[in-house]
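Please look through the model below before reading my points. They are in the order in which I would check them.

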Amino acid sequence: MHEEVVALSGSSPKIVQATAGNTSQEQRRTFHVLFTSHHLISPNKRRSLQQWSSSLSLTGFAKVGYPGVIYAEGEGSCIEEFVDNVKAMQWLALKVRFVEPLDAEYSTSESISEGDGEARRWKEFQKVGEVVEEMRKLGREAYVVEMGIGSAGINAN
């Protein structure tokens with residue numbers, strides 16, 4: 001499904017559907033986006049990601065170092081602005097892996113505020129394993145593993 005969304009939208013995924021009747025409804029739906037990049041080191045980029053996530057009421061995380069991974073979730077119009085902002089920065093090999101609607105049952109907005117409070121709005125990780133673990137907690141581990149980011153591993157329990 002992720003590949004279809006990216007393939008249909010080309011190199012510049014857009015959230016807004018062509019049908020005028022559902023544009024505002026699509027913009028209010030919860031969407032999520034996953035970026036990968038060669039690296040994410042710049043303190044300015046990291047600060048911008050934090051500021052945008054706060055001002056756009058997004059939840060998510062950035063994996064700093066090599067490779068760079070950025071994941072965010074929020075209202076469609078806010079995700080679209082976030083995507084535009086991130087793409088406007090200079091990157092080495094930035095890829096938008098997907099931008100797609102998120103089923104209400106998988107929305108983390110409620111579970112994040114219940115589980116970790118406001119401190120969970122935006123996190124930074126140092127290791128790919130932390131990204132996989134965070135996505136596992138959100139019930140979305142397959143989203144990163146399918147993209148070749150980390151591995152599912154074997155559960156020793």
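1. Which residues of the largest nonpolar core touch the most other members? They are Val-33, Phe-35, Leu-49, Ile-70, Ile-79, Phe-82 and Val-86, out of 22 residues in that core. A nonpolar core here is a set of buried Ala, Val, Leu, Ile, Met, Phe, Trp, Tyr and Cys residues joined through side-chain atoms within 4.5 Å. Buried means under 20% relative accessible area, exposed means over 50%, and partly exposed lies in between (1.4 Å probe, protein chains only).

2. A note on the basis. This is a predicted model, in which local features need pLDDT of at least 70 and side-chain atom pairs count only at pLDDT 80 or more, while totals for chains, interfaces and linings use all residues. Residues are numbered from 1 along each chain as its sequence is written, and side-chain values use heavy atoms, with hydrogens and water left out.

3. At least two of its residues are supplied by each of strand E1 (30-37), helix H3 (43-55), strand E3 (68-75), helix H4 (76-88) and strand E4 (95-101). H4 gives the most, with five residues. Helices (H or I, at least four residues) and strands (E, at least two) are DSSP runs, numbered from the N terminus. In soluble globular proteins, nonpolar side chains tend to be buried together.

4. Val-86 and the second core. Apart from neighbours within four places in sequence, Val-86 is in contact (heavy atoms within 4.5 Å) with Phe-35, Leu-49, Trp-52, Ile-70, Trp-91 and Leu-94. There is also a second, separate core of 14 residues, including Phe-61, Phe-125, Leu-138 and Val-144.

5. Helix H3: length and ends. The 13 residues of H3 should span 18 Å at 1.5 Å a residue, and the end C-alpha atoms are 18 Å apart, which agrees. The expected span is 1.5 Å times one less than the number of residues. At the N-terminal end, Ser-42 caps H3, with a side-chain oxygen 3.2 Å from the backbone nitrogen of Asn-44. After H3 comes Ser-57, which has a positive phi near 55 degrees.

6. Helix H3: buried or exposed? The buried residues of H3 are Lys-45, Ser-48, Leu-49, Trp-52 and Ser-53. Seen down the axis, these buried residues fall within an arc of 130 degrees, so they line one face of H3. The arc is that of the directions from the helix axis to the C-beta atoms. They pack against E2, E3, H4 and E5. On the other side of H3, Pro-43, Asn-44 and Ser-55 are exposed.

7. Helix H6. In H6 (residues 128-137), Val-131, Val-132, Glu-134 and Met-135 are buried. They cover an arc of only 160 degrees around the axis, which puts them on the same side of H6. Their cover includes strand E2 (59-63), strand E3, strand E5 (122-125) and helix H7 (141-145). Just after H6, Gly-139 takes a positive phi of about 75 degrees.

8. The structure holds five salt bridges, each a side-chain nitrogen of Lys or Arg within 4 Å of a carboxyl oxygen of Asp or Glu. One of them joins Lys-123 and Glu-134 (3.8 Å, N to O). Lys-123 lies in strand E5 and Glu-134 in helix H6, so the pair ties together parts that are eleven residues apart in sequence. Lys-123 is partly exposed at 24% relative accessible area, whereas Glu-134 is buried at 4%.

9. Salt bridges: a network. Glu-133, Arg-136 and Glu-141 are linked in a network of salt bridges. Glu-133 pairs with Arg-136 at 2.8 Å, N to O; being three residues apart in helix H6, these two are separated by about one helical turn. Glu-141 also pairs with Arg-136, at 2.7 Å, N to O. Glu-133 is partly exposed at 33% relative accessibility and Arg-136 is partly exposed at 36%, while Glu-141 is buried at 18%.

10. His-38. This residue lies in the loop between E1 and H3 and is partly exposed at 40% relative accessibility. The C-alpha atoms of His-38 and Pro-67 are separated by 5.0 Å, although the two residues are 29 residues apart along the chain.

Definitions and conventions: Polar contact = N/O pair within 3.5 Å; in protein donor to acceptor, adjacent residues only side chain to side chain.
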